[in-house]
Amino acid sequence: MLGFLKRPVVVTADINLNVVVLTAVGLLSRLWQLAYPRAVVFDEVYYGQYISFYMKRIFFLDGSGPPFGHMLLALGGYLGGFDGNFLWNRIGAEYSSNVPVWSLRLLPALTGALLVPMAYQILLELGFSHCTATGAALLMLIENALITQSRLMLLESVLIFFNLLAVLSYLKFSNSQKQRPFSLSWWFWLTLTGVACSCAVGVKYVGVCTYLLVLAVAGVHAWHLIGDRTLSHVRVLCHLLARAAALLVVPALMYLLFFYVHLILVYRSGPHDQIMSSAFQASLEGGLARITQGQPLEVAYGSQVTLKNVFGKPVPCWLHSHQSTYPMIYENGRGSSHQQQVTCYPFKDVNNWWIVKDPGRHQLVVSNPPRPVRHGDVVQLVHGMTTRFLNTHDVAAPLSPHSQEVSCYVDYNISMPSQNLWRLDIVNRESDTEVWKTILSEVRLVHVNTSAVLKLSGAHLPDWGFRQLEVVGEKLSRGYHESMVWNVEEHRYGKSQEQKERELELHSPAQMDVSRNLSFMARFLELQWRMLTVRSDDSEHKYSSSPLDWITLDTSIAYWLHPRTSAQIHLLGNVVIWASASLATLVYALLFLWYLLRRRRSIHDLPEDSWLRWVLAGALCAGGWAVNYLPFFLMEKTLFLYHYLPALTFQILLLPVVLQHISDHLCRPPLLRSLFSGLVVAWYSCACHVFNTLRPLTYGDRSLSPSELKALRWKDSWDILIRKS
Amino acid sequence: MPPAVGRGPAGSELRPRRGRCGPQLTRAVGPDVAAELTARSPKRPARGSRRFEAAGRWALLALVTLLSFATRFHRLDEPPHICWDETHFGKMGSYYINRTFFFDVHPPLGKMLIGLAGYLSGYDGTFLFQKPGDKYEHHNYMGMRGFCAFLGSLLVPFAYLTVLELSKSLPAALLTAALLTFDTGCLTLSQYILLDPILMFFIMAAMLSMVKYNSCADRPFSAPWWFWLSLTGINLAGALGVKFVGLFIILQVGWNTISDLWHLFGDLSLSVVTVGKHLTARILCLIVLPLTLYTATYAVHFMVLNKSGPGDGFFSSAFQARLSGNNLHNASIPEHLAYGSVITVKNLRMAIGYLHSHRHLYPEGVGARQQQVTTYLHKDYNNLWIIKKHNTNADPLDPSFPVEFVRHGDIIRLEHKETSRNLHSHYHEAPLTRKHYQVTGYGINGTGDSNDFWRIEVVNRKFGNRIKVLRSRIRLIHLVTGCVLGSSGKVLPKWGWEQLEVTCTPYLKETLNSIWNVEDHINPKLPNISLDVLQPTFPEILLESHMVMIRGNNGLKPKDNEFTSKPWHWPINYQGLRFSGINDTDFRVYLLGNPVVWWLNLLSIALYLLLGSIMAVAVQRGARLPAEVEGLSQVLLQGGGQLLLGWMLHYFPFFLMGRILYFHHYFPAMLFSSMLTGILWDTLLQLCAWSLASSSLARGIYAVGLLSLLLGTAYSFYLFHPLAYGMVGPLAQDPRSPMAGLRWLESWDF
């Protein structure tokens, strides 16, 4: 029973000092003077505002990426006790004392530091020697661009970390596949692959590229597994199911989880509400929800409503009218009906109120009990403040001459009759007798006489229309488009018979009871859709660049300049590493093609196992570079040098692989081999020298004289800032 | 792997099948060929049956072709007015007949063929083709429509032969032919003066000749081998010469060729020299030959179009001098620039255009709120500028002053003639290229400030030289900031009328973007001298026209707040295109696929993927398939795989395209998908029949299945044929309309 006492208790610790040392120097290089500069550096101004939103629990919408990355940054702020009170408006602005700079920058710096030991681990798992693996880690260590990017409150280093983690854990998994499938560590690494992939996607959408790469490699391995006839059918099925669960289901669930947490965290209404649908806005605390509470659900004859356009582009707006009429003759000589303007107005206003009227009756109040309006009913819309009827007729619209003008009818006693009957078409109805519901129903208003549809054309009217948005009747409805769909936002039952009373009623704040229970999936889908479609202006930034500039490092980004001295931080790569990494990729591609063609003719230059290793290393490293780089050529958004960093890390991993291959297989004579080793050492010292020279621009810790700065401007296109004294 | 490899065993397995399914065909085909087919029986002596088989096969092909021609040419003359894009392509055909130069975003071959067809059929090019709905009246338009319908009709026999070659199964080919013949969409698209029938003709012809050539793989370098290989190349040139989407079929043929070569390369019984010969043959026939032909179409294009027309301004000054009627042709203009000259300034980079300004200001938030300066490709009064001295405002055209020439290194002002504002730059960010400075029009009636001063320099010249019109390559350097006037080539947003951005770049790198030449030159005080402009070489013209086309294609952007057709709409036949007519009194033609055919195609792709992966996994697991199934799976994986690749190549790239898209872009992909459907259902029915061992029942199932598919498509064509042949009367929303019951999707508005 006490058998264990018979033997001594032994703890064998297997510590790879390489890893420990690499981690230590990695941490040192990334964490050194982390809180300096105590000022907003470049894109911190952008991420910072979202951190503040998280701290204040205010809803926001950012089209640049899923919320996981922002949440990680916000975690740093939470741990550092940040209250969110900082105005993120200017690069270079000094942080106030309540901003915990160190803890905000800690997480990116940690992930950036861990890249160093991870590069080592990946090359080991790929089957290369310790020397090669150490080389890869040392290259990662002295890459200036990676250091700069990790030391600030930015997301690239986090993304790269998860990319490499996904690759590393997949390699660990596939190596344990050979020995002990379905063991605990097998499951652990498999699941970690999926989790890391979803985290990468959750930080930035480009993480998808690495995810797809890992999926492709896993797919090829699985296909070999299917072909393995020593395994039983059931066992193969188990293998496939395990992979599908870990690499497809887990990432999908994780991704949903990010949004779930995000929506729990940011529950208050804020400045970005307007982009979302009324139903979404009503689910946030404060904002529209405060107004819409207590308002009747079903729109009835006599209801007073505001109508919001569902598409809401270029800006969200409400159907609006005012006293002014269309000008008799437009600038281009065309004529108008000279009736009262109908526009779409992006601000809340008393002129946005419309009354739903039954064409058969005269009264503008809700009867008791209220008679709800249903799909297919014909209604008139009366403008609350002017009591004119929404009308459209065969007159060309001011800016979209192919569509009909929409006006509020003024009877000039010329043979132009009013045409003010509209049929209600509820787009998202469940049955054909559905009632028109506040916020929830999306409706089209189809003109009875001409079957034109009320539509927001998106054009801004000139000065006579107060730069409001044009509303037209679309004659040829060429299909469903959200710009033709409207929903009721504010709503109340009208009670006042007299116009004067009604005006007073319209001016008084509305009492509004819509359920706030929008399901999580509905909110997720809407948020995700808006994030993907929200368009940032694609104008060029001062420091933007094109993907072709990246390979040759023809561009730099000035991140920060000291307010008084000429100390400055630049995103600049280690030129030697960039050049040799690109060269290595080229050499790899050529050698690979050469071996492939020779193997096809049954000439085996490499032994089988080293060929397989060579192929796998290429698939992951060269492939990783390609999938993280080439898609940028198809993107139309503004691109910056830092978008290249994920691709660069993969290239850096490939570099020692190629070097070792050349030394092992192409330098047969020992003399040549030692000569080659010598060259590699010389080359590495050269890279170290470049790192050291550029270090002041990486850390920004030292003020340089103008002549020193000029000496550092190795390329004309590098925007190094020189103060004119 | 090329299908040629697997063909050996597959073909031999399939041969007996054909005899078995022969009798069923008779019912599907109809009485007229029944006689020949029933005569085919396995018991007959081999030679006789083979002859009958061949005769039957020819008869079937003739029947398919006949039916296709009959449907395409039926009521071809209706409606006798311009439908949809006929307004463009008919017009361009007329341009060829009239030999006036024009510009279009597509390569010239298709329009050239239309023009040729019109010319041969006696159309004189006088009809204006102004807008859809215009009546043709006495003009002869049937030649052009007939030509397009002829090519459109050939699609069906081509598809038939391709499927026959891939599957060696007559029923599969017949099903494909029926699907395409009875598809209202293909029918409609073939009946008008459009590029699509021509494009699809070349695509299908390339596919057919590629497949034919693959089956000659066992006899390399034989006459048919060379014939089909070079025919493939010719058709590729044709496809690319009609529209740039012809690139997709080139990719398909390229992929086929690479895998073919890879296979040959791995065959150790072939020497490297033989493989080299194979490679050379393919380079010759599939790269050199098509490129030559493609270039030749451009040579013809530029030779035929030698008169000035609406497309001049898109091209460089040197190019325009080729066109008779253009003011640069045999130009007679003052040779040297002098103060007071009215000039147009053209950027030397291709497809940038003239320096331009107009009475619109930069919007708020975009630099200073001053008048816009852009570049513009069309000739326009707003392209005119006056050269003035920087320090005097006196009118240099005053006869009392002597003529003073502008010299290299002079400080000048450029005044915009229409608005009298000076070309101006200052330290504000340019609207799009933020690293450059903004260029504006500034000042009132020519009075501005020192930011209006520019130094004019001729590239590679010494100071003091005069400046020559057209010949001199000049740069304008802003005096105050030292930046160089250039165009970034980026398209301004709506506020800038989608013209191109002009900036002043502080980087002095010499690029074509910042070099200009003077094109038009008016100065009454100087004598006009006849100048022969440096003629551009043909490669330069070719390159230039491609640059212009690419720019034109990129310019076709969809607008916000407009309904646009999305690629995912297409395979589900979500919405059609109105070819003609809107109201219930009009003669309406509506381009919409036959929903039965299209939805069957969609279902077939899903089934194919399922069946294909089951078979592939079975093979990978080393399952032993019966010989019968083995042959079927070969056809399905290899023949079907090629067609699936074709469908994907002709469909998926559209998801990446930023330009505006239309429903008819899907039709090439639809051809491939129909062929896949043919092969899939034939295989599927044979598999079903095979799994039921009893031969009579099996035969019955196979026959009934095939027959119901054929009859189903034919009946659906009967239902939907008014879409293609035209309909008058109430719209389909109206319950009184005969089409009312056929509006299966609400988005169909016929």
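Colleague: How many salt bridges are counted between chain B and chain A?

Modeller: Start with the cut-off. A salt bridge needs a side-chain nitrogen of Lys or Arg within 4 Å of a carboxyl oxygen of Asp or Glu. In this predicted model, the count between chain B and chain A is zero.

Colleague: Then how many residue pairs are in polar contact between chain B and chain A?

Modeller: Here the test is a pair of N or O atoms within 3.5 Å. Eight residue pairs between chain B and chain A are in polar contact, both residues at pLDDT 80 or more.

Colleague: How many residues does each chain bring, and what area is buried?

Modeller: Chain B brings 34 residues and chain A brings 39. The area buried between them is about 3,000 Å², and carbon and sulfur atoms give 49% of that.

Colleague: Where does UniProt place the MIR domain feature in chain B?

Modeller: Check the record, then the model. An unreviewed UniProt entry places "domain: MIR" at residues 334-390, 403-459 and 464-521 of chain B. In the model, residues 334-390 of chain B are 0% helix and 46% strand, with end C-alpha atoms 22 Å apart. Residues 403-459 of chain B are 0% helix and 44% strand, and their end C-alpha atoms lie 24 Å apart.

Methods
Residues numbered from 1 in each chain as written. Chains lettered and ligands numbered in written order. Predicted model: local features only at pLDDT ≥ 70, side-chain atom pairs only at ≥ 80, totals over all residues. Heavy atoms only, no water. Contact = heavy atoms within 4.5 Å. Buried area = accessible area lost by both parts, 1.4 Å probe. Polar contact = N/O pair within 3.5 Å; in protein donor to acceptor, adjacent residues only side chain to side chain. UniProt positions renumbered as here; feature names shortened; annotations may be inferred. Helix = DSSP H or I, 4+ residues; strand = E, 2+ residues; numbered from the N terminus.
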